[in-house]
Amino acid sequence: DLDQLVALAAERGAVVRMIGDSAQLGAVDAGGALGMLAREIDAPELVEVVRFHDPAEAAASLGVRAGENAALEFYRARGRMVGGTDDELLVRLLDDHLADTRSGLSSVMLAPTNDQVHHLNVAAQAIHHADTDTGHGPSAALSDTARAYVGDTIVSRRNRAELRAVGVNGARFSVQNGDLWTVTGIGEDGILAVTGNRHGAHTVLPAWY
């Protein structure tokens, strides 16, 4: 596939620039071309980590990237690794999330399976509703069978350029994967009126989305 793509680009006077991380896991498919090229040719490579201010943090991230077990000690020594059973860790995760949000912090929970994500979301939602006396009135089904109520925070999971949110100054934003929204209204047939937490723009998410 890559050979055909490069040949087609050359025929049309274009150039293919392949940019990526050869250590990153690829898709479940026949692949590995980027890693092969990085090993076989004199490919330019970024060497300075600019994401972290702490040099030790940067070095640890490179160690993890290279699969070095010793790099994990950096995170263990700073209390960032917690052990336990699945159930124990899920409870700990939920408790820490609730403590953050009750303190006014923005807090995101991550879990390895969709089923665990669903259960964490439903549990957190129920407790948030109990804390704020919300969760009443009409609701709409979400993609994972959970239901959204006015006041809930939801996340959009698919980029849709045709769905536009409009801000107070007329600025327009497309609905993007990973955007957080606050539900401001529930319409007929599962339509959601939402306001973007990032940009404050308003839009309506149709039920099919």
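Modeller: The model is predicted, so local features need pLDDT of at least 70 and side-chain atom pairs pLDDT 80 or more, while totals for chains, interfaces and linings use all residues. Residues are numbered from 1 along each chain as its sequence is written, and side-chain values use heavy atoms, without hydrogens and water.

T145 lies in the loop between β1 and β2 (147-148), where helices are DSSP runs of H or I with at least four residues, and strands runs of E with at least two, numbered from the N terminus. Although T145 is not a glycine, its phi is positive, near 80 degrees. D133, in the loop between α6 and β1 (140-141), is also a non-glycine residue with a positive phi, here about 55 degrees, and D133 counts as exposed at 58% relative accessibility.

The loop that holds D133 leads back to α6, and this helix, residues 114-132, packs with α5, residues 86-102, at an angle of about 40 degrees, the two axes being 11 Å apart. The pair is therefore oblique, the class left over once angles under 35 degrees (roughly parallel), over 145 (roughly antiparallel) and 65 to 115 (roughly perpendicular) are set aside. On the α5 side the contact, meaning heavy atoms within 4.5 Å, involves D86, L90, L93, L94, H97, L98, T101 and R102, and these meet Q116, L120, A123, A124, I127, H128 and D131 of α6. Sorted by class, this contact comprises 8 nonpolar, 4 polar and 3 charged residues, with Asp, Glu, Lys and Arg taken as charged, Ala, Val, Leu, Ile, Met, Phe, Trp, Tyr, Cys and Pro as nonpolar, and the others, Gly among them, as polar.

Leaving aside residues up to four places away in sequence, R65 touches D21, S22 and A23, and its C-alpha lies 7.9 Å from that of Q24, although 41 residues separate R65 and Q24 in sequence.

Taken as a whole, the chain has 6 helices and 8 strands, in the order α-α-α-α-α-α-β-β-β-β-β-β-β-β from the N terminus. Of its 209 residues, 22% are buried, and the C-alpha atoms fill a box of roughly 60 × 50 × 35 Å along the principal axes. Of the contacts between residues at least 6 apart in sequence, 38% join residues at least 24 apart.

Definitions and conventions
Axes fitted to C-alpha atoms, helices over the stretch in contact; angles between N-to-C directions. Buried < 20%, exposed > 50% of the residue type's maximum accessible area, 1.4 Å probe, protein only.
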